Amino acid sequence: MTYRKQFNSDKSAIVNLPLAPETTTKSIAKKTVPPQKISYSIVHAIRGRIRFRIPLLARDSEYANKLKLAIESDPRVTNVRANPEAASIVINYQVNVISDNQMREHLVSLIQTAQDVVVPKQVTAKSIILTIFDAVINLIDSTRNINQARNAIVHQRFRTDIWERILSTSRTIIKRLKSATIFMLPNKRRQLHGNPKMNSQPLQLQPAREADVV
């Protein structure tokens, strides 16, 4: 009896032990660094038209492209003119649809979030044709694997039958056609390689007029 009471008392003591304080590692890990705010200034604003000066436009062509795309996607915007060299962008918008203050707040929000815009990749005829070639080659490889597995089950060994020869020859022909297509079809990236300005600015931004540059 004495032993049982002592065991129960020890058990209760263990249960009632205070929990160790949680380490602050998790709380530190959960803390995220707030995104850096994009500096800007409003150079000129009238009803239906506003011009921003954003220093990042002159340093980051990718950001300039994303911001222009984000603003152009708004149906209330009628025209966008960006001048990365002057770090400015001019936006014209419909005056009867949204107030100037609301449009200004909306554009400021786009300036801050433009870095998160995902630019869709351009689909060309060349990329589509190459994808088809790759799909055909994968289909041939899968068919060859099935045929080889069937031969191994039926003949208990690897056997080069007529289907294996046909599939192997077809694969070689498809790969040669794919290689020929790479050289025959135009490659826009290769054409743009010799022009550093076009490489740094994938989208052709319209320069602002001299009257807009301060």
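Author: What follows is a close look at one helix and its surroundings. The model is predicted, so local features are described only at pLDDT of at least 70 and side-chain atom pairs only at pLDDT 80 or more, whereas totals for chains, interfaces and linings use all residues. Residues are numbered from 1 along each chain as its sequence is written, and side-chain values use heavy atoms, without hydrogens or water.

Helix α7 runs over residues 162-184, and its 23 residues reach 33 Å from first C-alpha to last, close to the 33 Å expected at 1.5 Å a residue (a helix is a DSSP run of H or I with at least four residues, numbered from the N terminus; the expected span is 1.5 Å times one less than the residue count). Along α7, E164, L167, I174 and T181 are buried (under 20% relative accessible area; exposed is over 50%, partly exposed in between, with a 1.4 Å probe and protein chains only). Among the elements covering these buried residues is α6, where cover rests on contact, meaning heavy atoms within 4.5 Å.

Turning to the covering helix, α6 spans residues 125-155 and holds V136, which counts as partly exposed because its relative accessibility is 32%.

Terms used: Helix = DSSP H or I, 4+ residues; strand = E, 2+ residues; numbered from the N terminus.
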